[in-house]
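Good morning, everyone. Please have the sequence and the 3D view ready, and follow along as I talk.

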Amino acid sequence: MASNSSLHVMRPAKRAVGGEAEGENQVGVESLIKKHRIDCSISTATTTGGGGGTAAATMGGKANVSGGYGSGNVKVTVRALGEGGSPDIDEDLHSRQLAVYGRETMRRLFASNVLISGMNGLGAEIAKNLVLAGVKSVTLHDEGNVELWDLSSNFIFSEVDVGKNRALACVQKLQELNNSVVISTSTAVLIKEQLSDFQAVVFTDVSLEKAIEFNDYCHSHQPPIAFIKSEVRGLFGSAFCDFGPEFTVFDVDGEDPHTGIIASISNDNTALVTCVDDERLEFQDGDLVVFSEVHGMTELNDGRPRRVKNARPYSFTIEEDTANYAAYKKGGIVTQLKQPKVLNFKPLREALTDPGDFLLSDFSKFDRPPLLHLAFQALDKFISKFDRFPIAGSEEDAQKLISLASDINNSSADGRLEEIDQKLLRNFAFGAKAVLNPMAAMFGGIVGQEVVKACSGKFHPLFQFFYFDSVESLPSEIVDPSDLKPLNSRYDAQISVFGAKFQKKLEDAQVFIVGSGALGCEFLKNVALMGVCCGNKGKLTITDDDVIEKSNLSRQFLFRNWNIGQAKSTVAASAASLINPHLHIEALQNRASPETENVFDDTFWENLSIVINALDNVNARLYIDQRCLYFQKPLLESGTLGAKCNTQMVNPHLTENYGASRDPPEKQAPMCTVHSFPHNIDHCLTWARSEFEGLLEKTPAEVNAYLTSPGEYTSAMKNAGDAQARDNLERVTECLDKERCETFQDCITWARFKFEDYFADRVKQLTFTFPEDAVTSNGTPFWSAPKRFPRPLQFSADDLAHLNFVMAASILRAETFGIPIPDWVKSPKKLADAVNKVTVPNFQPKKDVKIVTDEKATSLSTASIDDAVVINELVLKLEICQKKLPLGFQMNPIQFEKDDDTNYHMDLIAGLANMRARNYSIPEVDKLKAKFIAGRIIPAIATSTAMATGLVCLELYKVLDGGHKLEAYRNTFANLALPLFSMAEPVPPKVIKHQDMSWTVWDRWIVRDNPTLKELLQWLKRKGLGAYSISYGSCLLYNSMFPRHRERMDRKMVDLVREVAKAELPPYRRHFDVVVACEDDEDNDIDIPQISIYFR
């Protein structure tokens, strides 16, 4: 470390330590990102151990997550009886990150010390991402002072910081992100021996000579120190990683091990393993797998790994002679065994001349990385020779750099380039001094993730060089060199690349950002630094109807601990204004939806330059997409899921719209599987969440509905007279009669009865109806894969899991009845004594009980001819129950809240799921993993969010320029875990042609001057189109087959809409839209655009 004179440390809040190491946690979630239609084969070894991380993601759905600041003060709540929690991780704060990394990776991060040298815009982005991730310490090193130039890319600096040391100026704001991280600074010259204090070192602004010296030291150090060198130079960026001679990756992709449910295994020299056809197998040839729970051929249950061959969608072979093994009978699970992978990194000294394979991001630029490898070396020589960067717009300096690149190329023994693209190097030279915010955001995400990999062994490192450029983002028209000169403004770095005229375009833009979560916070920071909407004519509108929660703080970096409970958009807008006080921003708390079209009206949409989505659900994205289509506005779309992200550029008339391609819906487990035949923990958790909501939310709400208006409620049930009405009345009657609780002991009795009902009686009934030897109508065993035969549980107060279930259930039951909760319930002995007082009645299975086995069934309620009779009896019974209730009695419905670890919601859901899992011999999960699955938590980390928004803002340059062709735009899919970057041109919209006309989904035909029906038909006739049907919404205004409709010919269309369709056209609405069905002269249907009729 540096001497005391140059070292500054901010003391963090203490992070609690302790807790047992546990396996990684994995989460399966509804995918939220659109699949890119790019075929690629990635062959890497896999890893051992519990592989935590993201669920396999279909990227396209469109998704995303937020980012945030963490307060870092660790709250340790030991709640469930005997629960061995993880007191060193604040799970409320880091839940979304835990869903990606798992506990073990997080613990390794918490023990890691990182150096970041060079606090330019890139250094600040890397530091932000690592502080949010929660490493043990970050040391910021920089010998230079803040210049006005730095304000183009460093979100931490403001005008008052100019002249201060860069590292010192960063400390306070970075510390606010996470008080648990020790942040220190070094402002003196760095010497290589200081690097021994760190697990990973990052350099963003260092000479090649110095980098080689530092890297040699890191590479040979014992243990090796991970070394990363990254630069952003204008629209060009580079990254180099060296994690030492032998670096072990414990989990190369972060995906759950693949599994299959076995249907059969042959007795052959090379055994054929066939699995059930519920889901396709994801095994690849060469994978190692282990077998378990196999009945009959038990020789395979020895835990020995076996290698997969001839992998097919539902079968594979293993190189094992099973001819003399016992015959396979039933059951069995086959599970992929993930293998560690050892990487042998070369030091920078060697890699410069022998770089190996470059990581490609854009296959249309497959020849670009070797040229950029030369360019960055040439720039280093230029700076070393002239002690400055090339001047923007200087042809002389550009030629000097090109000459240096040629010299390096000519002296290269291997890999010499036949031709050097001088135009590209000229662009490189012009922007070499500038650190642009979108590039810094993108590389900040990439490099931040590489540091996490270096510290944890989680995910496959970048091996070893990565080069990227976005020259397509340059203005479409040639920029005059004089326009690149600095203006002594905070945007000078950006002006040196794009020019002052283009800067004015950015400043005068009218932008709508929808959402201010993780993506929204990053976008606000980016546009503020770029100067977007910072001019007199510019305006940025941001809307979000959500409020800040603690779990947001680990990614949504504009928020602080003291902002919890406040409106996201308002806080984010205020924070963005601090980054750039010139930003003209309005924050709204409206959800953008059909209900708020009086807020986001026609005038609002028509004035926009562009829309940026920062949303976390598909439906909202589709709505915004339709509005952008309608008003012909560009839309920048992005989404993240764990380490994966995608970006999509939607530009009027150039590209297809967001909704043009859709992922297939997620496969849902059949209702009968969830309720009677679960075979994995997801099924158990789905059932548990459903039971929680039924018992604690829906039934109390039904009770209140009845008590509020008994006559009206019972009349509605009688009128319905169906199985659903009968079920509702049965639940209400049960709740107010035999299951009504008046004391806490009643609640314990109820919870103990529920245990018996769920985990003993129902199982006894199921196995009585379908014994273990039951067969189907075609003679096959009923309990064949994937069904698992269940066993009832015997309650024991000595089993803490049983006791925890009763505790959580009784506490929540007491809440619904407003019964005080005694402190003694948290004492295992006292609770056990109370439970043991409960007398549980004996259960006898019944004959002729109907259990749904049809996988297509959507309801477990079965209609009966006696429903009406039963309903009348229940209504009478309810009237009697009501008279016994205290005056004004109401229940307290409980809405599931996953992010409060003190409310017992997840305790009950985990208890329900794990007891059910025990019934069916399914592996149980801890409360955290239960929370991921039952709470449908979307895995999220700051790095992928930062990278996605950087990529989007590179597209923003192109859109606001306005002159780029389709081939200049890029859609991206990336997975930082692999790492994989796949960029491609957007898909153009489908073109429909008729006579000499053509149109796409982007076109909307406009008819002005308030036409009559006849005038509209004539207007279409002049286009060679015969309209035979005109509708407004679901209402038919005209059909040529109906003679009476011809009487409407002279009516104004607006009058027909008001009178026939009963439409209310508010004062702010100047037009309405109709859908017209047309045919051509040969009676062929023609799909025409929507028609907008202006009546004001």
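Predicted model: local features only at pLDDT ≥ 70, side-chain atom pairs only at ≥ 80, totals over all residues.

Let's look at two cysteines. The cut-off for a disulfide is within 2.5 Å. Now Cys672. It takes part in no disulfide either, and the nearest cysteine sulfur, in Cys684, is 14 Å away. Is Cys672 buried or exposed? Buried, at a relative accessible area of 3%.

Next, the sheet. Which strands form it, and in what order? Read across: E19, E18, E17, E20, E21, E22, E23, E24. That is eight strands in an open sheet, and the pairing is mixed. Strands of a sheet pair through backbone hydrogen bonds, either parallel or antiparallel. Which strands stand at the edges? Strand E19, residues 585–588, and strand E24, residues 980–984. Each has a single partner strand, so one side of each is left without a neighbour in the sheet. On average, neighbouring strands here are turned by 10° against each other, ignoring direction.

Now zoom in on strand E17. It covers residues 510–514. Four of its five residues are buried, so call the strand mostly covered. Look at its partners. On one hand there is E18, residues 539–543, joined to E17 by five bridges. These two strands run parallel. How does the chain get from E17 to E18? It goes through helix H13, residues 518–530, and this β-α-β crossover is right-handed. Then there is E20, residues 610–613. Four bridges join E20 to E17, and this pair is parallel too.

Find Val511. In E18, its bridge partner is Leu540. In E20, Val511 stands opposite Ile610. Now step along to Phe512. The bridge partner of Phe512 in E18 is Thr541.

On to the loops. Where is Pro223? In the loop between helix H5, residues 208–220, and strand E6, residues 226–233. The peptide bond from Gln222 to Pro223 is cis, with omega near -10°. Gln464 is in the loop between helix H10, residues 437–456, and strand E16, residues 465–469.

Now for phi. Asp387 has a phi near 55°, which is positive, and Asp387 is not a glycine. Find this residue in the loop between helix H7, residues 368–386, and helix H8, residues 395–410. Is Asp387 buried or exposed? Exposed, with a relative accessible area of 70%. Gln632 also has a positive phi, about 55°, and is not a glycine. Its loop runs between helix H16, residues 618–631, and strand E21, residues 635–641. At 29% relative accessibility, Gln632 counts as partly exposed.

One more loop residue: Ala660. It lies between strand E22, residues 644–650, and helix H17, residues 671–676. Ala660 is partly exposed, at a relative accessible area of 47%. How far is Ala660 from Leu622? In sequence, 38 residues; in space, 9.8 Å from C-alpha to C-alpha.

Finally, zoom out. The chain is divided into domain 1 at 259–337, domain 2 at 671–935 and domain 3 at 991–1094. The centres of domain 1 and domain 3 are 62 Å apart, taken over C-alpha atoms. UniProt, in an unreviewed entry, lists residues 969–1091 as "domain: Ubiquitin-activating enzyme E1 C-terminal". In this model, that span is 13% helix and 37% strand. Its end C-alpha atoms lie 30 Å apart.

That's my tour. Questions, please.

Notes
Residues numbered from 1 in each chain as written. Heavy atoms only, no water. Buried < 20%, exposed > 50% of the residue type's maximum accessible area, 1.4 Å probe, protein only. Pairing = 2+ DSSP bridges. Right-handed = clockwise from strand over helix to strand, strands pointing away. Domains from an automatic or database assignment. UniProt positions renumbered as here; feature names shortened; annotations may be inferred. Axes fitted to C-alpha atoms, helices over the stretch in contact; angles between N-to-C directions.
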